[in-house]
Amino acid sequence: MDEEYDVIILGTGLTECILSGILAVEGKKVLHIDRNDFYGGESASLDLAQLYQRFRGDEKPPSSLGRDRDYCVDLIPKFLLTGEGLVKVLVYTNVMRYLSFVPISTSMVYYGDKIYKVPSTSNEATLSPLVGFMQKLKARSFFEYLREWRETDPATHKGLDLDRMTMSQVYDHFGLNEDTQEFIGHAMALHLDEKYKAQPARRTCDSVIMYASSASRANIDNRSSPYIYPQYGLGDLPQAFARLSAVYTGTFMLATPVDEIVRNAAGGFEGVRSGDQVARAKIVIGDPSYFASAVRKTGRVIRAICIMKNPIPNTSAASAQIILPQRQTGREHDIYVTCLSADQKICPPNVHIASISTIAETNSNPEAEIKTALNLLGPVEQKFVWESDIFEPVADGTADNVFISRSYDATSHFETVYDDVKDMYRRITGHDLVLKNRNDADNEAQQQQQQQ
């Protein structure tokens with residue numbers, strides 16, 4: 001450990017491991033430290049005994065739930081859209097070789113006290129009760145506009161400037177009512193609340209295009225939803241990027257306490273001390289738990305894990321996502337429900353693991369805030385409910401070379417994680433993250449070495 005590195009990374013959460021893999025591939029000498037003896041941090045996968053130990057101390061799991069090792073329960077389950085940014089990172093870094101993904105059976109949305117399948121084909125959209133008949137025609141006009149839109153061809157913009165217009169203005173332009181806006185903004189663009197409507201429309205439109213592309217790919221592959229999930233849980237994702245880092249220049253040290261962030265006289269980062277050893281580097285990256293004085297609390301997330309012997313009623317599916325838009329529950333933020341099963345190899349046969357997440361809006365009983373979602377699940381064998389704080393860095397890190405990731409939010413997808421990766425990479429390196437096929441990048445690196 002008493003060495004000089006280019007980058008030191010603290011914590012093995014997904015954000016940190018993605019950056020570790022990318023920077024190591026780019027030739028940086030990386031030291032990656034975690035105080036825990038497992039990968040994943042807050043996004044770890046736990047067996048049944050670990051789950052009970054974390055939330056119930058010495059209490060033992062009932063024998064009726066089966067063997068401990070048959071469980072890989074994700075603390076923060078998130079689904080991947082096949083067209084989203086993180087999937088592109090997996091492909092372009094060749095990390096996919098370490099992982100195996102399986103489809104999620106269905107995606108549903110809560111509307112008027114019932115749940116309905118989110119349409120993934122034009123035929124399903126025609127029959128769906130989520131959007132009224134006249135609104136279907138207007139929504140089709142909106143979707144056709146996005147399908148034809150090309151950034152480099154102003155003729156396809158038809159007078160709309162998506163970078164200047166708010167999403168609310170775009171909705172008004174196409175005559176879309178509140179129900180249709182809710183479907184587009186929350187079931188497709190996957191926004192957590194209504195703030196997006198006052199923001200530039202480009203981000204939402206890009207998200208809708210990405211969702212539609214993922215749904216189209218799912219139809220080609222005969223899948224009923226655009227979402228996929230890694231077998232054996234999300235804990236394999238950070239481990240896969242850790243393997244990538246180790247193949248190149250990365251060194252990993254688990255179960256290693258971080259006793260001090262060493263700074264120079266000017267306050268800039270200089271190294272990390274563990275016991276009587278100090279590792280030095282120009283840059284440090286880490287999750288908020290390693291930098292208590294350099295982050296601020298922005299909110300709280302309510303999470304629940306429910307072990308069931310049945311799939312969620314009215315889904316007819318072994319795995320599912322259910323989005324409860326905030327307008328349907330009288331809240332400011334959406335509630336997300338995920339359900340996984342033995343299809344994803346995260347639990348024994350005939351067991352289902354449902355997870356619920358949302359932003360806390362009161363200081364009262366967190367279980368009361370997710371009651372609507374809990375009522376959808378049917379009989380629950382075991383339930384674990386907790387709250388966690390959300391943190392973000394106070395500074396961008398460019399002044400002292402301390403770059404801190406954001407806490408995981410309540411969403412059930414990875415776009416916000418990928419946004420954080422791109423933002424941190426830009427601040428660390430001074431340029432945008434450009435994804436290249438791993439073979440192409442390796443060839444470029446070899447050519448550069450030969451020229452030197």
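One term before we start: a cavity is a set of grid points where a 1.4 Å probe fits but cannot get out. Its volume is the space filled by probe spheres set on those points. Keep in mind that this is a predicted model.

How many cavities of 30 Å³ or more does a search of the whole structure find? Four.

Take the second largest cavity. Its volume is about 60 Å³. L14, S43, I76, K78, L234, P238, Y408 and F414 line it. By class, that is six nonpolar residues, one polar and one charged.

Let's stay with S43. It sits in the loop between β2 and β3. Is S43 buried or exposed? Buried, because its relative accessibility is 7% and the cut-off is under 20%. The side chain of S43 reaches the backbone oxygen of G40 at 2.7 Å. Leaving out residues up to four places away in sequence, S43 touches G13, L14, G235 and Y408.

Now the largest cavity. Its volume is about 90 Å³. It has 15 lining residues, and P77, R303, S355, I356 and S357 lie nearest its centre. Strands β14, β16 and β17 each give two or more residues to that lining. The classes here are nine nonpolar, five polar and one charged.

Last stop, strand β14, residues 295–308, where we find I305. I305 is buried, at 0% relative accessible area. Beyond its neighbours within four places in sequence, I305 has contacts that include L51, V73, S355 and W386. S355 is also one of the residues nearest the centre of the largest cavity.

Note on methods. Residues numbered from 1 in each chain as written. Predicted model: local features only at pLDDT ≥ 70, side-chain atom pairs only at ≥ 80, totals over all residues. Heavy atoms only, no water. Helix = DSSP H or I, 4+ residues; strand = E, 2+ residues; numbered from the N terminus. Buried < 20%, exposed > 50% of the residue type's maximum accessible area, 1.4 Å probe, protein only. Contact = heavy atoms within 4.5 Å. Polar contact = N/O pair within 3.5 Å; in protein donor to acceptor, adjacent residues only side chain to side chain. 1 Å grid on protein atoms, 1.4 Å probe; cavity = no way out; pocket = protein on both sides within 12 Å on 5 of 7 lines; lining within 4 Å. Nonpolar A, V, L, I, M, F, W, Y, C, P; charged D, E, K, R; others polar.
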